[in-house]
Amino acid sequence: MASFEADINQRIWQVVAAIPRGRVSTYGEIARRAGMPGAARRAGAALKALHGQTRIPWHRVLNASGRISLPPGSSAALTQRQRLEDEGVAFKPNGSVDMKQFAWDSEV
DNA sequence: GTACTGACCAGAT
DNA sequence: CATCTGGCCAGTA
């Protein structure tokens with residue numbers, strides 16, 4: 001049996017890939033859907049492992065506050081915001097996204 | 001093996 | 001709003 005760790009990453013990426021365009025989710029939600037409730041950090045580690053080279057829509061994942069969890073001003077953070085706005089996800093002046101409106105599991 | 005860190009989270013102060 | 005605390009799991013030194 002191969003270690004489950006590698007499969008866990010695949011699981012996480014699969015969940016992220018399932019986020020509809022124009023919607024966002026959180027690390028906690030991703031972890032929960034991947035079968036590891038409470039392991040939000042694991043989700044972050046899995047996305048970091050992609051290091052940008054992937055077709056997985058990692059930019060649709062925000063932290064529980066609805067904010068980009070990457071260093072402000074960093075290349076990755078700017079790319080994430082750019083791609084989300086391009087998909088129709090709006091950022092408030094304070095730099096957060098309205099989860100009530102754009103969360104994957106949320107209805108308008 | 002231990003210790004520290006991190007694209008986290010929720011609750012308390 | 002800022003700060004701290006405990007919890008979670010994996011990667012790194």
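Mentor: A polar contact is a pair of N or O atoms within 3.5 Å; within protein, one must be able to donate a hydrogen and the other to accept it, and residues adjacent in sequence count only if both atoms are side-chain atoms. This is a predicted model, in which local features need pLDDT of at least 70 and side-chain atom pairs count only at pLDDT 80 or more, while totals for chains, interfaces and linings use all residues. Residues are numbered from 1 along each chain as its sequence is written, chains are lettered from A and ligands numbered from 1 in the order written, and side-chain values use heavy atoms, without hydrogens and water.

Trainee: Which residue places a polar side-chain atom 3.0 Å from a base nitrogen of DNA strand B?

Mentor: Leu-47 also approaches a base nitrogen, at 3.2 Å, but with a polar backbone atom. The side-chain contact at 3.0 Å belongs to Tyr-27.

Trainee: Which helix gives the largest share of the surface near DNA strand B?

Mentor: Helices are DSSP runs (H or I, at least four residues), numbered from the N terminus. H2 (27-33) and H3 (40-48) each supply at least two residues of this surface. The largest share, 4 residues, comes from H3.

Trainee: How many residues of that surface near DNA strand B are charged?

Mentor: Ala, Val, Leu, Ile, Met, Phe, Trp, Tyr, Cys and Pro count as nonpolar, Asp, Glu, Lys and Arg as charged, and the others, Gly among them, as polar. The surface has 6 nonpolar and 4 polar residues. The charged residues number 2.

Trainee: Over the ring of which residue does the charged end of Arg-33 sit?

Mentor: A charge sits over a ring if NZ of Lys or CZ of Arg is within 6 Å of the ring centre and within 35 degrees of the ring normal. The charged end of Arg-33 lies 3.9 Å from the ring centre. The ring belongs to Trp-104.
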